[in-house]
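Trainee: I am new to this structure and would like to go through how its chains meet. Could we look at it together?

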Protein chains: 4
Amino acid sequence: MHTLTTALAQINTEARALFGQGKVADYIPALAQVPPRQFGMAVALVDGSTFHVGDAHTPFSLQSITKLFTFVLALKAIGEDLWKRVGREPSGAAFNSMVQLETEHGIPRNPFINAGALVITDILTTRYAHLDYALLGALRRLTDDPDLSWNAAVAKSERDTAHRNMAMAYFMKSHGNFANAPELVLDNYCRQCATEMNCAQLAQATMFLANAGRDLGRDGCPDEQFLSPDEARRVNALLLTCGAYDAAGDFAYRIGLPVKTGVGGGIVAIAPGVGTVAVWAPELDAKGNSVLGAFALERLVKLTGWNHT
Amino acid sequence: MHTLTTALAQINTEARALFGQGKVADYIPALAQVPPRQFGMAVALVDGSTFHVGDAHTPFSLQSITKLFTFVLALKAIGEDLWKRVGREPSGAAFNSMVQLETEHGIPRNPFINAGALVITDILTTRYAHLDYALLGALRRLTDDPDLSWNAAVAKSERDTAHRNMAMAYFMKSHGNFANAPELVLDNYCRQCATEMNCAQLAQATMFLANAGRDLGRDGCPDEQFLSPDEARRVNALLLTCGAYDAAGDFAYRIGLPVKTGVGGGIVAIAPGVGTVAVWAPELDAKGNSVLGAFALERLVKLTGWNHT
Amino acid sequence: MHTLTTALAQINTEARALFGQGKVADYIPALAQVPPRQFGMAVALVDGSTFHVGDAHTPFSLQSITKLFTFVLALKAIGEDLWKRVGREPSGAAFNSMVQLETEHGIPRNPFINAGALVITDILTTRYAHLDYALLGALRRLTDDPDLSWNAAVAKSERDTAHRNMAMAYFMKSHGNFANAPELVLDNYCRQCATEMNCAQLAQATMFLANAGRDLGRDGCPDEQFLSPDEARRVNALLLTCGAYDAAGDFAYRIGLPVKTGVGGGIVAIAPGVGTVAVWAPELDAKGNSVLGAFALERLVKLTGWNHT
Amino acid sequence: MHTLTTALAQINTEARALFGQGKVADYIPALAQVPPRQFGMAVALVDGSTFHVGDAHTPFSLQSITKLFTFVLALKAIGEDLWKRVGREPSGAAFNSMVQLETEHGIPRNPFINAGALVITDILTTRYAHLDYALLGALRRLTDDPDLSWNAAVAKSERDTAHRNMAMAYFMKSHGNFANAPELVLDNYCRQCATEMNCAQLAQATMFLANAGRDLGRDGCPDEQFLSPDEARRVNALLLTCGAYDAAGDFAYRIGLPVKTGVGGGIVAIAPGVGTVAVWAPELDAKGNSVLGAFALERLVKLTGWNHT
């Protein structure tokens, strides 16, 4: 039996022993209703083989993990010009802090804190008449799932309580760093965040980052150079330094791989040249990252040594 | 000839020598077109006598001076309960800072910085179906001018560029400190700021603060206890510590009277038990206060000793 | 019987009912041992009459109240030049905050927060070989008490734990705003803070601020113009806006007089043209101001109307 | 000819074309006198081969690069307990900011900003009677150079102007996060920073980080497991997220390797499993990192692909 199968089984048992140590995100009413005691994990290797355990085929709300995809779309759309509107330094502050935004004159620290992701969505809103479908189109292609979509109830729930994100959007607009109406961009942003995927799909959809920019071909679908190798490396560098909110340093120290986390409880990790790992468990720690997810990744790199590559 | 007449004449000459030392507010397009070289001053004494010099009858945009009137209206409407939603400490930061708002969890420092004034307008928006007319009603009664109104072009100009104020309103809403839709409150706020008065009217309209809360009666209109004596004293205390943005300490040091300033170039000062002074000159210093206005007040208290009372 | 005698008796009774609502400053070990249930109050009028109640003749540690005297000495020594090294705006932050100091490049907001008082002591350290005796000399003259001194045990206790003040001094030195060795200035500063006086003496010592800069003469000692009338007014303005740490606005609102508070539990208030009030009770509120002291002043101005002048 | 020889020769030519684009650190008088137009680079591979170009044998002041070595010594001395006193998150602020220190109650963000390095030196000061010799001992062993030392003139120059670091040390002491006298720790810290090495030595001294914790043996000196493989990986993760002050994200994006930079103009980079690179050129950019050094590393990883591993 493949050692990965064994490793995942072991991690599944160990992780589930931690149920109850975190709590489900409660600031978005629709998310607060997700049953907490779930855990799924999927691994996709660059050779095309895949592995999974637990609730790896249960769809969950991607939330901030979508910031990874929108950032990549914006990079494809306008290239390095996007750095005129957003930085690439770790923020050293909570994901929704306005203090830094004021100190730095409306230029968000990086594309993965909320303010930065809003700028990215603003860029894409300018580019696409229907951003949600452009984004869904890309995600459907990457996952080969034509039914992939966003959850309208979650999107509405988030939009109704998006006061702080509205505040950030208007603040950036006051600094000339927001092209569209905040209301419109927030509509897109909340739909984007409500996109649902399962672990197996998420691991597959991010494969291009582990595979030097190249998405793997599947039945009747040729492989595709989604990003250049150098772009893929740079996205990974950014995920390593900024992918886990203000716990990025801790994640790098414990796990040592590029990751993107979301308050839906999902985390995706990239092992460049090796493969991708998607993990999901709704209970979060105080910094908004999945408790079981972080544990599972730490165990996996310990068992596989993927972070020494 | 009354010594005040002499004093005003002298100050008029001295002040006009300072033309060119400041610059007209340029962040509101409609205000940027006001001819800069204007100076008016009006004094109203508690005995009913009035004095004026220069452009004391030219209407100007009250801007933040209206925060004094809306605060008084809110105090009359809900009393000391308003302190649950806004503080009464000097801010120690620029009038539109968001840093403090984040540090202090959405409770503005005082009713005279922008965030605080927005909360006050939110309180009044809940209270009045048509706040602008409720406010105009009060101001028309205080000035005996049935035609007093707001400048629609200025209001629109401010509303179109109110991104930062929208950001603050949404931020407070995210902290549960904003009852109405930010869009609606901002409509009211921008009309409020665009209210126009001349110096003579402004001195008259604030007389109740110098006269232990009592507005002076005029032809066919009896005097009226607008605020209690203790409330009037407290409003004055607040004006003394918070009325000049982050130059409040400097104003207290140099002038020593309760004041409220506005970026339209107006300043009103209260000499409790003595009278009121309204001064206007559009050129502003770096902190957004009228250069000639502050100079004129400093000279007046030097000549009259009103700040030693 | 004089109404003030009646008022003080009534306030004494009411204030003592509040024992237990605050707590004695515990960050200075020597101060933590002061018995909490004490209350004294003294009033000195510009006509030379004096009134007192309770523990008005028990010496207490002046602490930050000395910042008023050192500021006045520095103003006498170098005049308005001191504004090159310290601001005169309310701080809007805790008395020992370093954030503001960094934002504003080592220039403290005003002379009454710790950083500002350290700059003032630095100025006086440059001026006087033995600052503590120069300061004691002035205070002995103002109180006619040749034995007035500082408490060596309290001074040592404060010096031993002065890490934060040392941090501020070094920080200002790194910005070029500190002339002497921080160690030396802190020695002076801690002795200064440990100066002891009783309420009767404190009311007398600050009389020049209520009396247009003029200290009242006493037996065999002629009166003296300690400050110019205009300087006295300006000091009072500064006390009104900055004298009660980050509760200055609240004090102005409730009490409406220039004050200086200290963590020893003392407060002195100035009623310009009328007299001075010193009050002492060791229990402090969360902002470091005397609970009974603030209450007593609020009651006194309510009973006398001194804050309407 | 080895391709690395060719690459270094090419980079040497390209880098020197950039002379004049940065400026030598001027806040330490002794460093300001270093001739700016120098450039050296050395590579050491895990197979024991070495390569160098330009001024690779000219000693320079390590400055903050020593923080890497003191951190490793502290990790060896007290293990993971050190995380009780310092964090491991990127700072998102300048290397000598006090704002963050106040917000986070005296716990520095990571061991590589000044405040964090001071805590590390405090830990080592508690551990070693003569820290400078303990540190020199370790560095002499890692470089096989018994004469390696610190420059006394530079150390004194830094100590004389260490006001800001003193401020940070006292501030942390006020929060209970500093065990020794700040004066003593600063003596050690300034000597530590003044340690001198050349590029060839620096590449050799950090080899254990590229070689899974194992220092390579040399003539008559056996190899040694300096850190465990997992510890080495974690140090590298920390260098990747926090090694370049507030340009860490930019370095990760452009270069993608763990690095530590110093204001002496040196940078060391680790290519795990491959080797180490030391580069030196005194001219700095606005964030205090070597202009030519960063350029050279970016070119090297482009030419070798080491950052894709």
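This is a predicted model: local features need pLDDT of at least 70, side-chain atom pairs count only at pLDDT 80 or more; totals for chains, interfaces and linings use all residues.

Trainee: Understood. How many residues of chain A are in contact with chain D?

Mentor: On chain A, 35 residues are in contact with 35 residues of chain D. The two chains bury about 2,700 Å² between them, and 51% of that is on carbon and sulfur atoms.

Trainee: Why give an area for an interface?

Mentor: The accessible area lost when the parts come together is often used to state the size of an interface.

Trainee: And how many salt bridges are there between chain A and chain D?

Mentor: The count is two. In one of the salt bridges between these chains, the side chain of D250(A) meets that of R88(D), with N to O at 2.5 Å. The interface of chain A and chain D also has 16 residue pairs in polar contact, both residues being at pLDDT 80 or more.

Trainee: Which elements of chain A give two or more residues to that side?

Mentor: They are α12 (229-242), α13 (248-254) and α14 (291-304) of chain A. Of the side that touches chain D, α12(A) gives the most, with eight residues.

Trainee: How do the residues on that side of chain A divide into nonpolar, polar and charged?

Mentor: On the side of chain A that touches chain D, there are 13 nonpolar, nine polar and 13 charged residues.

Trainee: Let me go back to arginine 88, this time in chain A. Where does R88(A) lie?

Mentor: R88(A) is in the loop between α3 (66-78) and α4 (99-103) of chain A.

Trainee: Is R88(A) buried or exposed?

Mentor: R88(A) counts as buried, because its relative accessibility is 16% and the cut-off for buried is under 20%.

Trainee: What does the side chain of R88(A) make a polar contact with?

Mentor: The partner is the side chain of D250(D), at 2.5 Å. Leaving aside neighbours within four places in sequence, R88(A) is in contact with residues of chain A, including E80(A), W83(A) and R109(A), and with residues of chain D, including G249(D), D250(D) and Y253(D).

Trainee: You mentioned R109(A). Which residue does R109(A) meet in a salt bridge?

Mentor: The side chain of R109(A) meets that of E104(A), with N to O at 2.9 Å. R109(A) counts as buried at 10% relative accessibility, whereas E104(A) counts as partly exposed at 24%.

Trainee: What rotation superposes chain C on chain B?

Mentor: A rotation of 180° with 0.0 Å of shift along its axis does so, at an RMSD of 0.0 Å. The two copies are therefore related as by a two-fold rotation axis. The same surface serves both copies, as 100% of the contact residues of chain C recur in chain B.

Trainee: How far apart are the nearest C-alpha atoms of chain A and chain C?

Mentor: They are 10 Å apart, and chain A and chain C do not touch. Chain B and chain D do not touch either, their nearest C-alpha atoms being 10 Å apart.

Trainee: A last topic: how many salt bridges does the structure hold over all chains?

Mentor: Over all chains, the structure holds 68 salt bridges. Another example is in chain D, where the side chains of D122(D) and R85(D) meet at 2.7 Å, N to O. D122(D) lies in helix α5 (residues 114-127) of chain D and R85(D) in the loop between α3 (66-78) and α4 (99-103) of chain D, so the pair ties together parts that are 37 residues apart in sequence. D122(D) counts as buried, at 0% relative accessibility.

Technical notes:
Residues are numbered from 1 along each chain as its sequence is written. Chains are lettered from A and ligands numbered from 1 in the order in which they are written. Side-chain values use heavy atoms; hydrogens and water are left out. Contact means heavy atoms within 4.5 Å. Buried area is the accessible area (1.4 Å probe) that two parts lose on being put together, summed over both. A salt bridge is a side-chain nitrogen of Lys or Arg within 4 Å of a carboxyl oxygen of Asp or Glu. A polar contact is a pair of N or O atoms within 3.5 Å; within protein, one must be able to donate a hydrogen and the other to accept it, and residues adjacent in sequence count only if both atoms are side-chain atoms. Helices (H or I, at least four residues) and strands (E, at least two) are DSSP runs, numbered from the N terminus. Ala, Val, Leu, Ile, Met, Phe, Trp, Tyr, Cys and Pro count as nonpolar, Asp, Glu, Lys and Arg as charged, and the others, Gly among them, as polar. Copies are superposed by least squares on the C-alpha atoms of residues with pLDDT of at least 70 in both. Buried means under 20% relative accessible area, exposed over 50%, partly exposed in between (1.4 Å probe, protein chains only).
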